Amino acid sequence: MFEKAKCKLCRNYVRFALRHLKQKHPEALYDRDVAKLNMSKVMEKYFD
């Protein structure tokens with residue numbers, strides 16, 4: 001149904017992208033640019 005996305009930061013395949021960023025790479029979410037981006041831009045920036 002849903003395919004896994006590959007994280008550009010750690011190269012792991014994840015199913016829940018936002019949860020992965022919150023748990024494994026919280027420093028990425030502290031960036032002010034990410035707070036302004038919508039989910040499609042976050043996926044483009046951090047996931048393949």
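Buried here means under 20% relative accessible area and exposed over 50%, with partly exposed in between, using a 1.4 Å probe and protein chains only. This is a predicted model, where local features need pLDDT of at least 70, side-chain atom pairs count only at pLDDT 80 or more, and totals for chains, interfaces and linings use all residues. Residues are numbered from 1 along each chain as its sequence is written, and side-chain values use heavy atoms, leaving out hydrogens and water.

View 1. Helices (H or I, at least four residues) and strands (E, at least two) are DSSP runs, numbered from the N terminus. Starting from that end, the elements go β-β-α-α-α-α. Of the 48 residues in the protein, 25% are buried.

**View 2. His20 sits in helix 1, residues 17-24.** With a relative accessible area of 7%, His20 counts as buried. Leaving aside residues up to four places away in sequence, His20 touches Cys7, Cys10, Val14, His25 and Phe47; contact means heavy atoms within 4.5 Å.

**View 3. Helix 1 has a buried face.** Ala17, His20 and Leu21 are the buried residues of helix 1. Looking down the helix 1 axis, they fall within an arc of 100°, so they line one face of the helix; the arc is that of the directions from the helix axis to the C-beta atoms. As a rule, an α-helix has 3.6 residues a turn, so residues three or four places apart point the same way. The buried residues of helix 1 pack against strand 2 (13-14), helix 2 (26-30) and helix 4 (39-46).

**View 4. Helix 1 meets helix 4.** The axes of these two helices come within 11 Å and cross at roughly 60°; axes are lines fitted to C-alpha atoms, for helices over the stretch in contact, and angles run from 0 to 180 degrees between N-to-C directions. Ala17, Leu18 and Leu21 of helix 1 make the contact with Met39, Val42, Met43 and Tyr46 of helix 4.

**View 5. The largest nonpolar core holds 9 residues.** They are Ala5, Cys7, Val14, Ala17, Leu21, Ala28, Val42, Tyr46 and Phe47. Helix 1 and helix 4 are the elements that give two or more residues to this core. Such a core is a set of buried Ala, Val, Leu, Ile, Met, Phe, Trp, Tyr and Cys residues joined through side-chain atoms within 4.5 Å.
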